[in-house]
Amino acid sequence: METIELEKEIIEIIQEVCDHQEVEEVVNGDFYPGNFIMSQVLVSIFTQIEIKTGITIPNNCYIFHDSKTKRQLNIKEAATKLLALSKN
């Protein structure tokens with residue numbers, strides 16, 4: 001799977017969550033889910049992401065955060081991180 005395809009899949013799932021929670025923001029690759037959606041909710045959709053993409057997210061991994069830089073990741077960055085995880 002390519003990064004762009006993965007990004008689109010994540011955007012669809014995040015858009016559904018935003019619609020459900022009445023978050024009125026444009027959801028695209030530059031959207032930072034952690035700024036608008038509680039981390040518990042984001043963790044709960046990891047299964048949906050795994051099913052839709054076929055990529056397993058390790059239990060100790062939070063794809064919307066970079067532990068080295070201590071910052072939130074946007075969807076584009078999270079897709080890149082997830083793709084790198086899938087190759088390891």
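Residue V17 belongs to helix α1, which covers residues 3-20; helices here are DSSP runs of H or I with at least four residues, strands are runs of E with at least two, and both are numbered from the N terminus. The model is a predicted one, in which local features need pLDDT of at least 70 and side-chain atom pairs count only at pLDDT 80 or more, while totals for chains, interfaces and linings use all residues. Residues are numbered from 1 along each chain as its sequence is written, and side-chain values use heavy atoms, with hydrogens and water left out.

With a relative accessible area of 11%, V17 is buried, a word that stands for under 20% relative accessible area, with exposed meaning over 50% and partly exposed the range in between, for a 1.4 Å probe and protein chains only. Apart from neighbours within four places in sequence, V17 is in contact with I37, V41 and I45, where contact means heavy atoms within 4.5 Å. The C-alpha atom of V17 is separated by 9.8 Å from that of P33, a residue 16 residues apart from V17 along the chain.

From the helix we turn to a loop. V27 lies in the loop between α1 and α2, the latter being residues 39-44, and V27 counts as buried because its relative accessibility is 11%. Leaving aside neighbours within four places in sequence, V27 is in contact with I11, I14, Q15, C18 and I75. One of these contacts, C18, is itself buried, at 0% relative accessibility. C61 also counts as buried, at 13% relative accessibility. The structure holds zero disulfides, a disulfide being a pair of cysteine sulfur atoms within 2.5 Å.

The aromatic rings come next. Rings of Phe, Tyr and Trp (its six-membered ring) pair if their centres lie within 6.5 Å, and planes under 30 degrees apart count as stacked, over 60 as edge-to-face and the rest as tilted; by this rule the count comes to four aromatic pairs. Among them, F31 and F36 form a stacked pair, 5.1 Å centre to centre with 15 degrees between the planes. F31 counts as buried at 4% relative accessibility, whereas F36, at 36%, counts as partly exposed. F46 and F64 form a tilted pair, 6.2 Å centre to centre with 45 degrees between the planes. Because F46 lies in helix α3 (residues 46-53) and F64 in the loop between α3 and β1 (65-66), this pair ties together parts that are 18 residues apart in sequence. Both F46 and F64 are buried, and ring pairs link F46, Y62 and F64 into a cluster.
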